[in-house]
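Please keep the structure open while reading.

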Amino acid sequence: MSKSIVLDFDGTVTATDTLDEAAKTFGDATVYQEVEDGLDEGRLPLREVITREFAPVTAPLENVVAWVLDHAIVRPGFAEFVSRARDEGWDVHIVSSGFHELIEPVLEREGVDVPLHANRIDPSPEGWRVLWRYPDDCDECGESCKRTLLPEGHVVYVGDGYSDRCAALAADRVFARAGLAEYLADRGKAFEPFSDFHALSDALLDHR
């Protein structure tokens, strides 16, 4: 049976949610807070939230990429974890609600080449337009959702936030932090804490 490790990116691979920070830095802080409140209160779906957060962004893509590279701190042990996991027969994927254009430069900087599923962005000077790449209307949660992108076989899921909820519920083993950990605990879904990739390696990989 195949075995896969699926990693969220922002707030999981990275120490902070770089996508959120980019939206606040280059977009409209009032719009950002309004839609985040809507997400937290269950009034807005994630797809609408991300679309509206980036609609006010007019900065050139290269400026935002440079900012991301200056601010994105990857959790300790990331590259080593991916290499060791592959050596032990794991497929490693990143599945993100963020954008290829902002994630790929960070992965390149870190020297990590893994399959990436994320959205795309049309960085128009009139406002960034999100090119959504997720299947719509998940049978379980009704949203554009990561669950439909989970590989076949045994799946370990690692995440931290709202976009990880439905996929985590479908995974065989879950490592979680922050809001995802709270969500799973409230629903009685078993998970293990995630802090960094050294600890994940100790918990998941063979160190003989």
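Which residues does Ile 94 touch, not counting residues up to four places away in sequence? In this predicted model, Ile 94 touches Leu 7, Phe 9, Val 13, Phe 78, Leu 107, Val 114, Pro 115, Leu 116 and His 117.

## The nonpolar core

Ile 94 is also one of the residues with the most contacts inside the largest nonpolar core, a set of 66 residues in which Ile 5, Leu 7, Phe 54 and Phe 78 share that standing. Two of these, Leu 7 and Phe 78, are among the residues that Ile 94 touches. In soluble globular proteins, nonpolar side chains tend to be buried together.

## Helices α6 and α10

Phe 78 leads on to a helix pair, for helix α6 covers residues 78-87 and packs with helix α10, residues 197-204, at an angle of about 25 degrees, the two axes being 8 Å apart. That angle makes α6 roughly parallel to α10, and α6 passes α10 in a left-handed crossing.

On the α6 side the contact is made by Phe 78, Phe 81 and Arg 84, and on the α10 side by Phe 197, Leu 200, Ser 201 and Leu 204.

## Helix α2 and its two partners

Helix α2 (residues 18-26) packs with helix α5 (residues 61-71) at an angle of about 130 degrees, with their axes 11 Å apart, and α2 and α5 are therefore oblique to each other. Their crossing is right-handed. From α2, the residues Thr 18, Glu 21, Ala 22, Thr 25 and Phe 26 meet Asn 63, Val 64, Trp 67 and Val 68 of α5, and this contact divides into five nonpolar, three polar and one charged residue.

Helix α2 also crosses helix α4 (residues 46-54) at roughly 40 degrees, the axes coming within 9 Å, and α2 and α4 are therefore oblique to each other as well. Here Leu 19, Asp 20 and Ala 23 of α2 make the contact with Ile 50, Glu 53 and Phe 54 of α4, a set that contains four nonpolar, no polar and two charged residues. Phe 54 is also one of the residues with the most contacts inside the largest nonpolar core.

Val 95 lies in strand β2, residues 91-99, and counts as buried because its relative accessible area is 5%, where the limit is under 20%. Leaving out residues up to four places away in sequence, Val 95 touches Val 6, Leu 7, Asp 8, Phe 9, His 117, Tyr 134, Lys 146 and Leu 149. Its C-alpha atom is separated by 9.7 Å from that of Gly 159, which is 64 residues apart from Val 95 along the chain.

Ala 118 belongs to strand β3, residues 116-122, and is likewise buried, at 2% relative accessibility. Apart from its neighbours within four places in sequence, Ala 118 is in contact with Ser 96, Gly 98, Phe 99, His 100, Ile 103, Arg 133 and Tyr 134. Between Ala 118 and Ser 163 there are 12 Å in space, C-alpha to C-alpha, the two being 45 residues apart in sequence.

## The backbone at Ala 178

Ala 178 lies in helix α9, residues 178-186, and has a phi near 55 degrees, a positive value in a residue other than glycine. Most residues other than glycine have a negative phi. With a relative accessibility of 37%, Ala 178 counts as partly exposed.

Definitions and conventions
Residues are numbered from 1 along each chain as its sequence is written. This is a predicted model: local features need pLDDT of at least 70, side-chain atom pairs count only at pLDDT 80 or more; totals for chains, interfaces and linings use all residues. Side-chain values use heavy atoms; hydrogens and water are left out. Axes are lines fitted to C-alpha atoms, for helices over the stretch in contact, and angles run from 0 to 180 degrees between N-to-C directions. Helices (H or I, at least four residues) and strands (E, at least two) are DSSP runs, numbered from the N terminus. Angles under 35 degrees count as roughly parallel, over 145 as roughly antiparallel, 65 to 115 as roughly perpendicular and the rest as oblique. A crossing is left-handed if the near helix is turned anticlockwise from the far one by less than a right angle, and right-handed if clockwise. Contact means heavy atoms within 4.5 Å. A nonpolar core is a set of buried Ala, Val, Leu, Ile, Met, Phe, Trp, Tyr and Cys residues joined through side-chain atoms within 4.5 Å. Buried means under 20% relative accessible area, exposed over 50%, partly exposed in between (1.4 Å probe, protein chains only). Ala, Val, Leu, Ile, Met, Phe, Trp, Tyr, Cys and Pro count as nonpolar, Asp, Glu, Lys and Arg as charged, and the others, Gly among them, as polar.
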